[in-house]
Amino acid sequence: MHHISDLNYQDLKQFLVNQLNLDKKNSSMRANQLWKFFYQKGYSDFKLFSNLPSKFKEELSKDLVISRPKIKNKQVSKDGTIKWLLELNDKNLVETVYIPSETHATLCISSQVGCTLNCKFCHTGIQPLVKNLSSNEIICQILIAKDELNDWKEQKKINNIVYMGMGEPFYNFENIKKSVEILKDENGLNFSNKKITVSTSGISPNIKKAADEIGTYLALSLHASNDEIRNTIMPINKKYNIQDIINNCNEYAKKNGEKIFIEYVLLKDINDSEKCAKELSKIMSRFPSKLNLIQFNPWPGVKYLPSTEEQTAKFIEIIKNNGHIVTLRKSRGKDILGACGQLKTESEREKRIV
Ligand code: SAH
Ligand code: SF4
């Protein structure tokens, strides 16, 4: 059995040739018809595919699944943010967050159940990695949000997709790549490069690879202005240090022609000093970048505190005075644990029976 969104357009055509013995011309026609009703109209039941003959649908449904995972829970924040808890076919749980603003709306999707990386300030980091999401499980998060919001008209409600939910996208590279292909395809979900952002904690070799193979906007979760601090809050820094990351970000920016977003969560008395702001300004001069400062979002049991307003203002001032672009990202959906770094589900790795 295949799931439809594990196949990009080329894969689907090949599948129709191999599995249903269609010739090349017919496989293109059928793939177009399938994609049109699935990605453009949002249908997830073969019964609704009035553009396909019944006999073909019958054959197809033996090998191809087009249904969506279940919504297990939905929470709506007082600021309009919506968080869905989805139950995948294998019963694992994953979260997806919709963040509307006055001018546009963003959907934040997850790439893994849990995360291997254990960044100290991140709630997902205390959930050990359960699994990589398949391309289908990634795309279904978007389809479900679109169903829920009745977003199947030409004028999109969800304008931006950010891979900033649970997990490290670059440790699930191939599935992220496939999902981005479906997102970008104009016969698929039809989002342009500039409407998609993939965020990484700095998996250096894959930053370079992504420049060639993924090519969306890139966000880098830096969160520290030197290796000493970064080693303590993001253990992955011991493997790929700041210098190494900068080199690869430079390659990415060269190839992609856009600035890289640096994500920096301000943690009181950890990374929010004036010295840090100066060091960060120097780092920013070394590759095309803009800074997204993030207010720290607490979660049960965490030991960090958000920076004070005064310290945040000082930090911003220094970055600006050094000629860099900086924005302060306000927390959204904090009351439903839907803000950056607050996502976590109850899924656990299956215990081995000895
Ligand atoms: N693993 C990827 C994708 C997750 S993106 C990455 O780390 O980039 C989620 C963003 O929220 C990251 O920038 C992450 O560092 C940040 N974040 C994590 N915990 C946070 C918290 N408690 N408050 C605010 N931001 C947080
Ligand atoms: Fe994983 Fe990103 Fe959270 Fe770090 S910040 S634990 S990489 S999800």
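A pocket, on a 1 Å grid over the protein atoms alone, is an open set of points with protein on both sides within 12 Å along at least five of seven lines, and its lining residues have an atom within 4 Å of a point. A cavity, on that grid, is a set of points where a 1.4 Å probe fits but cannot get out. Good morning, colleagues. The model before you is predicted, so local features need pLDDT of at least 70 and side-chain atom pairs count only at pLDDT 80 or more, while totals for chains, interfaces and linings use all residues. Residues are numbered from 1 along each chain as its sequence is written, chains are lettered from A and ligands numbered from 1 in the order in which they are written, and side-chain values use heavy atoms, with hydrogens and water left out.

I begin with the open spaces. Rolling a probe the size of a water molecule over the atoms shows where empty space is left. The largest pocket holds about 760 Å³ of space; a volume here is the space filled by probe spheres set on the grid points, which are joined across faces, edges and corners. Its lining comprises 35 residues, and Thr106, Val162, Met164, Asn292 and Arg329 are those nearest the centre. By type, the lining of the largest pocket has 17 nonpolar, eleven polar and seven charged residues. Here Ala, Val, Leu, Ile, Met, Phe, Trp, Tyr, Cys and Pro count as nonpolar, Asp, Glu, Lys and Arg as charged, and the others, Gly among them, as polar.

Which strand gives the largest share of this lining? That strand is β13, with four residues. Strands are DSSP runs of E, at least two residues long, and helices are runs of H or I of at least four, numbered from the N terminus. Among the strands that each supply at least two lining residues are β5 (93-100), β12 (260-266), β13 (289-295) and β14.

Strand β14 (residues 326-329) includes Val326. Val326 is buried, because its relative accessibility is 12%; buried means under 20% relative accessible area, exposed over 50%, and partly exposed in between, with a 1.4 Å probe and protein chains only. Leaving aside residues up to four places away in sequence, Val326 touches Leu291, Leu293, Ile316, Ile319 and Lys320, contact meaning heavy atoms within 4.5 Å. Leu291 is 35 residues from Val326 along the chain, and their C-alpha atoms are 4.6 Å apart.

The second largest pocket has a volume of about 230 Å³. Its lining includes Tyr39, Trp152, Lys153 and Glu186, and divides into three nonpolar, three polar and six charged residues.

I turn now to ligand 2. The space that this ligand takes is the largest cavity, where sitting in a cavity requires more than half of a molecule's atoms within 2 Å of its grid points. Around ligand 2 are Cys115, Leu117, Asn118, Cys119, Cys122, Gly125, Gly167 and Ser201, each with a heavy atom within 4 Å of the ligand. This shell has four nonpolar, four polar and no charged residues.

Finally, the backbone. Most residues other than glycine have a negative phi. Asn150 has a positive phi of about 55° and lies in the loop between α4 (135-149) and β9. His223 has a positive phi of about 65°, and its place is in the loop between β11 and α7 (227-233). Asn150 is partly exposed at 45% relative accessible area, whereas His223 is buried at 5%.
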